[in-house]
Amino acid sequence: MNIYEQEIAMYDKRVKRMEENPDPNKLKATKMLYELLRDGAAAHLQHWKEGKPFISGGFGNVTRALGLVGLDNVQTVARAKDVSKYMDILRAAGYPDDGCEMGTVGMAMLINGDLPLPSIATSCMPPCEPVYALGLATGHLCNIPRFNFDIALENNYDTLRYLANQIEEFIDFAESHVPGVHFDEEKLLELQEIDRAGYKYMAGIYKVRSSVPCPIGGQDVFRNPVQPSGYALPKRGLEYLGAYYEEVAERAEKGIGPVMDEKLRVMWAVSGPLGGFNFSELLAKRGVSIVHFMVGGAYRRYGLGPNYGDETEYGRKLTPLEEEARIMNRNSWGSVGTRWIGDTLRVCRELNIEAIIVYELWGCMPTVGLNKVLAEEAAKKEVGIPVLVIPGRQKGLSQADERELEERLNQFIDVCLMRKGMG
Amino acid sequence: MLKQNGRRLKVEERLKVLIDGWKEENRNRWAMEWKRRGGKVVGLLCPYIPEEIIYAAGMLPWHIRGTWGRDIDQALVYRPVNSCLFCSHVLESLLAGELDFLDGVVFSDRYQDMLRLWDVWTHVARIPFARMVHIPRQESECAYQFFTREITRLSRDIEELAGIKITDESLRQGIAVVNKMRTLLRRVYNLRKRPVPPVTGAEALGIALTARVMPKDTFNQELEALLPYLEQRKASLKRVRPRLLVSSDMLDNPAYLELVEGTGSLVAMDDLDTGSRYFWELVNEPLGEPLYSLSQRYVSGPGCARMPSWKEQLDRVISWVKDFNIDGVLELPQMYCRVREMRIPYFMERLKEASIPAISFKRQYRVADEGQLRTRIEAFVEMLGAEA
């Protein structure tokens, strides 16, 4: 089974499970999400069967406006059933097997024929060096045209124009190197309009998390909503976000959430063990709400910065390409650490978060070495938030690893509760 | 004319000063002398930072390396063990106070782990002046213009540190001096095309490393005076074949090349950011606007594995293999150097297509696991010898 077939089967199963055994603690909107992801996978499978072009990487809405479909060779690691098989493939091909799984497993899937061969590859830095390297390596492995976006460290007008110029160059590049590809500005404007509406919902979903108890919990926290164009079917993505927001807003209004007897509110950051160990359930049993999953730049991800169409940031209306550049530019993930730490601590203040658990993913270049700095900054008197840093991988945890993780989480919760006089 | 304890040195001794200038007991000495004379020293963590700007401000550009000690316990408080070892060793050096003499440091975001080092560096705030420069991963007019603005901003900050204004004239002078260093080093390297070169691979790298810590004017004067001697010198080598090209990054200890040459081979050329790539390209003269000319030089060219121009990087390695009559390529990527690791299959494939024997062994930052490395390299060298 290729990855799309696997996803269709997996989401079908999940939809059925939700219909047969609804869990009141889980969001109903998640069923819409599974259907959306299932149908998105089917659409991508069809795109593949019809021989239409895929892109490894891409750049926001410009990708879709060019008629290209993004090859999801990064997030697919989460759905990979047998990661050890892919690690064997990586080793045999000479690629590293001990780095960030998100930066390598997609390569093995491509080699194994589980993903379609792309027609063009892009890479960009920041946000993520393992993914940047994946983009470069994919381009060379598949012997396809390659384009690199260079993103500066600061978010200002100069860097906005720098990036917008590159997007223009990319459009010319894609049109001249991939047969049949043509930039449709109307399509871009349509997607930006959909995303503008989507970001408003995302901002709302973010804000309701400040309610006590937190209206979202368990694995729902880790299904970070993305802007509608981040889904294969953007209009349905917008519908999903609307339903998601309505549901959590209603919960917040009624004062209900999965962890009613909320003793501690935590942020979970960077990554986590995938499949198997249900740490969110463990925390919930101890009265701990995971209020927010911090990965990627908070303000880009949650639409909290200037939205599409905003004219106040630069004193004028931006061009459509500048709008795309703006979204990428305000990313704090993988940039200088002060931006990401600043975002993280701001989220803690805004959402009344009392502790941070960082699952420090092996080989995560955006965060390696930053977590101790975060811990020291957060521990300062004026902030006073304890931070637990746990190194680990996403897949392939042994039972001993899970036991150790459980132990460390329990000890951390004990300390946090003692600090609150609840020990 | 170099002197030691008032005595004029003989020519081989003078050469030895350049060859051994990188050694632990020597590398700080020019920086300390510079400071004793009232000057300031600016540490650099990346060959993409234009040294010319530091020179133009009347300060000494000094390339930082990490501690070569085994223990990096203080650094590991902040950094996981499976991250860039160069960065971890540099951090250890900082936390141990070995870099306290620096008046400032300039970083680049050439790779993400360097950005992470920056985060800890500024957090511990041991050296007040620290600047980060974005290095474009693109070669285009847009990128040249952007980098010109980046280094213009850097120049303003460097002026403030130095307390003097950097003029176009002082920049042109800086470019001329650093270009001269590059030209002289290329002349030394070109002599290595000979069947019996004047210097071993380890010695050649030693000279390039000394250029990174010695005042440029002094270095240029010395090397220029020594070139006639080098034209006639023959390196002391066990064997002169097979001829190897060693490729790596952050390899700043020639002991690694001594280890390689100790297996009965000659390192006739390198593809190192501390070696050939440090000086191979010149700033184009005659100059237009000096900062723009600098930008073009530093942004263009194949660069290191972290830059997207992998094809051009391999094109250059292959052309060096031909120019330097190389029998085999030995890649020694530093462990946990993630982008470089992802490039290895492409690196090997290109060399295979060009019928160039090649092999890759990961290494630590400091010289370690010598026995294992020596055994592996010996096998490669033996294979090359058999093929020849």
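## The A–B interface

Chain A and chain B bury about 3,700 Å² between them, with 60% of that on carbon and sulfur atoms; buried area here is the accessible area (1.4 Å probe) that two parts lose on being put together, summed over both. This is a predicted model, where local features need pLDDT of at least 70 and side-chain atom pairs count only at pLDDT 80 or more, while totals for chains, interfaces and linings use all residues. Residues are numbered from 1 along each chain as its sequence is written, and side-chain values use heavy atoms, leaving out hydrogens and water.

Chain A brings 51 residues to the contact and chain B brings 40 residues (contact means heavy atoms within 4.5 Å).

## Salt bridges

Two salt bridges are counted between chain A and chain B (a side-chain nitrogen of Lys or Arg within 4 Å of a carboxyl oxygen of Asp or Glu). Asp98(A) forms a salt bridge with Arg338(B), and their closest N and O atoms are 2.8 Å apart.

## An aromatic cluster in chain A

Now for the rings: Phe59(A), Phe147(A), Phe149(A), Phe170(A) and Phe173(A) are linked into a cluster by ring pairs. Rings of Phe, Tyr and Trp (its six-membered ring) pair if their centres lie within 6.5 Å; planes under 30 degrees apart count as stacked, over 60 as edge-to-face and the rest as tilted.

Over all chains, the structure holds 32 aromatic pairs. Phe59(A) and Phe149(A) make a tilted one, at 4.5 Å centre to centre with 45 degrees between the planes. Both residues are buried (under 20% relative accessible area, 1.4 Å probe, protein chains only): Phe59(A) has a relative accessible area of 2%, and Phe149(A) has 1%.

Technical notes
Chains lettered and ligands numbered in written order. Buried < 20%, exposed > 50% of the residue type's maximum accessible area, 1.4 Å probe, protein only.
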